[in-house]
Amino acid sequence: MPMNVLRRIEDVSFPLLIYEESDIECATVLAAANLVEANLPEAGDGTGYGGVILRITPLGRAELNRLRADLE
C-alpha cells in the first residue's frame, strides 16, 4: 500500500534507491499524488533498473502529519 511505503521512508536519507517492483509501483502512485518526487522506470520497462525517490514533498509531509493525528 503506498501510504505504508510513505510511512516507511519518512526518516530515511534521500535519495533513496528502490528496486522491488512493489516499491516502484507504490512510489509511482505517491509521485502521481505529488507526495514524493522520484525518478522511476516506466511500467513494464523490464530493464531491471530500479527507481530513485528524491524526497518527500511538503504535501507528503503534511499527509504524514495528518495520518499521525488520525491515530491519536
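Two strands count as paired if DSSP finds at least two bridges between them, and strands (E, at least two residues) and helices (H or I, at least four) are DSSP runs numbered from the N terminus. In this predicted model, 3 strands form an open antiparallel sheet in the order E1-E3-E2. Residues are numbered from 1 along each chain as its sequence is written, and side-chain values use heavy atoms, without hydrogens and water. Because the model is predicted, local features need pLDDT of at least 70 and side-chain atom pairs count only at pLDDT 80 or more, while totals for chains, interfaces and linings use all residues.

**The sheet**
- The edge strands, each pairing on one side only, are E1 (16-18) and E2 (36-39).
- E1 and E3 run antiparallel and are joined by 3 bridges, and leucine 17 has valine 52 in E3 as its bridge partner.
- E2 pairs with E3 (residues 51-56) in the antiparallel sense over 4 bridges, with alanine 38 standing opposite isoleucine 53 in E3.

**Helix H3**
- Helix H3 (residues 58-71) has 14 residues and reaches 20 Å from its first C-alpha to its last, close to the 20 Å expected at 1.5 Å a residue, where the expected span is 1.5 Å times one less than the number of residues.
- Gly60, Glu63, Leu64 and Leu67 of H3 are buried, meaning under 20% relative accessible area with a 1.4 Å probe, protein chains only.
- These residues lie on the same side of H3 because they cover an arc of only 100° around the axis, taken from the directions from the helix axis to the C-beta atoms.
- The buried residues of H3 pack against helix H1 (2-8) and E3, contact being heavy atoms within 4.5 Å.

Conventions:
Buried < 20%, exposed > 50% of the residue type's maximum accessible area, 1.4 Å probe, protein only.
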